[in-house]
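Subject: Structure for you to look at

Hi there,

Here is the structure I promised to pass on. Please open it alongside this message, and my notes follow below.

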Amino acid sequence: MRVPGIVPVAEAATMVWKYTGGYYYFYIDNVMQKGWASNGYNWYYLDPSTGRCQFGWKKISGDWYYLIPENDSGRAAMGWLKIAGGWYYFDPTNGSGRMQMGWKKINGAWFYLNPVNESGAMMTGWQWLYDKGGEHWFYFRPGDDGRMVGGNQVIDGIEYRFGTLGSATEGQLSLIQTWDLVDAGKHLDVDGNSKYMSYIWKGMNIWNGYKPGVIRRDSLTVAQDLYVTDIDQQNMASGATSSDGKLKLNVYYLKNETENTKTHIATHELGHALGLAHTPTSGNMMWGWISGVILLSQDDKTAYDRAYKNY
């Protein structure tokens, strides 16, 4: 059995690698080693039956290790190592070398090492993870960094407030995009020929219930800011709003939706026209996934308050 960190030989022992029949073997005082063995600097794993030096990924006694194959080394990886484009962390404590999974604090920063299917790969970007009795959104720096962020952060032009352990569920400072369709008079004048205009007007009333009069029906005396039309296409979003003043509702999907979901989609798209971006948190009108939510959350209102100052 391997004893991490303990070299099981005296300093005077003779250690020799032998290359025989296309394989490497490790001898101490002319005795072929099997299982875990150390040369005093690195750990190696020799097949328990044949003594052959092992390379690459190896699951041993329920734990994963990586035996570095470069230059036929075979030494057990310690600390961070990039393998096939992904980063992995092998516990260097006492020469353990075990691949780590789940939450891990390393040099003062938190990382999340994917435990699904015992992957162990460092995760980056937005992740929906379990922590402290529930699931929350977390953000890990992209690329080769992977550190979890905390405090107030701007990500893709959107400002977030992160709570304990980086959870973004404690309220966003703002979720606003770089454009809106509200005119200089601080109104959003809407018209259209969609078969779902009744849901657009319901959405108008929901937003106006918080900031009265901002969204209005187009008239002969005002310029139109937003025009609503229908599309009928598979593999497209249920609704889409663009900076050119077009809001499209997809008949292909909406025809089978509930009343609440139709209202939600229409209200959600009007939110984009008002300048609000997607939130990564469920339960909000501006969450990036379809739901039956028909009330504005506090996060929706906070985002709207901040966006309104830009009009």
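Let me start with a salt bridge: the side chains of D144 and K82 meet at 3.1 Å, N to O. Please keep in mind that this is a predicted model. The D144–K82 pair links distant parts of the chain, 62 residues apart. D144 sits in the loop between β13 (134–140) and β14 (151–155), while K82 belongs to strand β8 (residues 79–83). D144 is partly exposed at 49% relative accessibility, and K82 is partly exposed too, at 41%.

The count of salt bridges comes to six. Another of them joins E118 and K59, with 3.0 Å from N to O. Here E118 comes from the loop between β11 (109–113) and β12 (125–131), K59 comes from strand β6 (residues 56–60), and 59 residues separate them. E118 counts as partly exposed at 33% relative accessibility, as does K59 at 41%.

Then there is D189 with R216, whose closest N and O atoms are 2.8 Å apart. Is D189 buried or exposed? With 1% relative accessibility, D189 counts as buried, whereas R216, at 29%, is partly exposed.

On to the nonpolar cores. The largest has 38 residues, and L188, I200, W207 and L274 have the most contacts inside it. Several elements each supply at least two residues of this core, including β15 (158–162), β16 (188–192), β18 (226–231) and the helices α3 (259–273) and α4 (298–308). Which helix gives the most? That is α1, with six residues. A second, separate core has eight residues, among them I68, I83, Y88 and A121.

Y88 also turns up in an aromatic cluster, together with W57, W64, Y66 and F90. Across the whole structure, a search finds 24 aromatic pairs. One of these is W57 with W64, an edge-to-face pair at 6.3 Å centre to centre and 85° between the planes. Both tryptophans are partly exposed: W57 has a relative accessible area of 34%, and W64 comes to 26%.

Finally, have a look at two charges over rings. The charged end of K18 sits over the ring of Y27, 4.3 Å from its centre. In the other case, R52 places its charged end over the ring of Y23, at 4.0 Å from the centre.

Note on methods:
Residues are numbered from 1 along each chain as its sequence is written. This is a predicted model: local features need pLDDT of at least 70, side-chain atom pairs count only at pLDDT 80 or more; totals for chains, interfaces and linings use all residues. Side-chain values use heavy atoms; hydrogens and water are left out. Rings of Phe, Tyr and Trp (its six-membered ring) pair if their centres lie within 6.5 Å; planes under 30 degrees apart count as stacked, over 60 as edge-to-face and the rest as tilted. Buried means under 20% relative accessible area, exposed over 50%, partly exposed in between (1.4 Å probe, protein chains only). A charge sits over a ring if NZ of Lys or CZ of Arg is within 6 Å of the ring centre and within 35 degrees of the ring normal. A nonpolar core is a set of buried Ala, Val, Leu, Ile, Met, Phe, Trp, Tyr and Cys residues joined through side-chain atoms within 4.5 Å. Helices (H or I, at least four residues) and strands (E, at least two) are DSSP runs, numbered from the N terminus. A salt bridge is a side-chain nitrogen of Lys or Arg within 4 Å of a carboxyl oxygen of Asp or Glu.
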